[in-house]
Amino acid sequence: MIEINNLTVQFGGVKPINELTVTLKSGISGLIGPNGAGKTTLLNVLSGFVTPTQGSVSVNGRKLTGLAPHKRALFGLRRTFQTDQIADDLTLWENVEAIADHAGFIDKDMANHAVEQAIAYVGLRKRIHRKGSNLSTQERHLAEIAKALIGKPELVMLDEPGAGMSESETKHLEDVIRGIPAYCGAQVFLIDHDVELIAACCDETMVLDFGKLLALGPTHEVLQNPEVQKAYLGSFEELGVHA
Ligand SMILES: Nc1ncnc2c1ncn2[C@@H]1O[C@H](COP(=O)(O)OP(=O)(O)OP(=O)(O)O)[C@@H](O)[C@H]1O
Ligand SMILES: [Mg+2]
């Protein structure tokens, strides 16, 4: 469970998060909102990369405010980045192994097993020895997810994992995301502009607009909300989504 209480982030005169209070309880919770709405900033606060000017965040009852990113990782917080962090000159195996080396495994066999399982889970077993530079956009996004599944994740936060994917690639991604709670028991927090992916994966969805909570509730209800449709004016029709 993610609890956000009276959270504000200020960069100079910009407040990308503005007195936000929200609790997310679903196995897979979605976050949507127009460009610049504050989505990545919220994820940065949860993962410890941005310090808020006021307010607090907790995950599963543990207050995170003030903890360094690596301490949050030890508590089971995992994230992917909007721009993937796959090293081009390392193989897929080495990219994922680098995370396992810092995840507190008691022996190398267990670490290797976790790496193998995570790569297989996202469907990239055949790419295991391929260099990062030779992975496709979809494979790089999946590799980022594999990295986020190492150790004992409690919360897996995904920042636009569907960006740049074709329809069939997104379908596979959808299956991968939907299976994460059963795979490792973690809650998933999914940011994406693809509302079809959000609708397919998320039981509940929150909408941010200018750092404020515009809506929160069951995903299908939220997508039908006139205020939400107004914030996304045109985008749903362009995407062919009739909420
Ligand atoms: N480090 C920073 N310094 C100054 N302003 C920032 C910083 N990071 C983000 N912002 C600003 O905060 C606002 C919210 O940005 P954020 O990246 O959180 O939006 P987003 O909802 O993730 O957008 P997108 O859908 O384009 O990824 C924007 O106006 C952005 O320019
Ligand atoms: Mg963003």
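Guide: Two strands are said to pair if DSSP finds at least two bridges between them. The model discussed here is a predicted one.

Visitor: In what order do the four strands of the open sheet lie?

Guide: The four strands form an open sheet with antiparallel pairing. Strand 2 (14–24) and strand 5 (62–63) are the edge strands, and each pairs on one side only. The order of the sheet is 2-1-4-5.

Visitor: Which residue stands opposite asparagine 5 in strand 4?

Guide: Strand 1, residues 2–11, is paired in the antiparallel sense with strand 4, residues 54–59, over five bridges. The residue of strand 4 that stands opposite asparagine 5 is serine 56.

Visitor: Which strands does helix 1 touch as it packs on the sheet?

Guide: Helix 1 comprises residues 39–47, and its direction makes about 65 degrees with that of strand 2. The strands that helix 1 touches are strand 1, strand 2 and strand 4.

Visitor: Are helix 3 and helix 4 roughly parallel or oblique to each other?

Guide: The axes of helix 3 (residues 92–100) and helix 4 (residues 108–121) come within 9 Å and cross at roughly 130 degrees. Angles over 145 degrees count as roughly antiparallel, and 65 to 115 as roughly perpendicular. Helix 3 and helix 4 are therefore oblique.

Visitor: How many charged residues has the contact of helix 3 with helix 4?

Guide: In helix 3, Leu92, Trp93, Val96, Glu97 and Ala100 meet Ala111, Ala114, Val115, Ala118 and Ile119 of helix 4. By class, this contact has nine nonpolar residues and no polar ones. The number of charged residues is one.

Methods
Residues numbered from 1 in each chain as written. Chains lettered and ligands numbered in written order. Predicted model: local features only at pLDDT ≥ 70, side-chain atom pairs only at ≥ 80, totals over all residues. Helix = DSSP H or I, 4+ residues; strand = E, 2+ residues; numbered from the N terminus. Contact = placed C-beta atoms within 7 Å. Axes fitted to C-alpha atoms, helices over the stretch in contact; angles between N-to-C directions. Parallel < 35°, antiparallel > 145°, perpendicular 65-115°, else oblique. Nonpolar A, V, L, I, M, F, W, Y, C, P; charged D, E, K, R; others polar.
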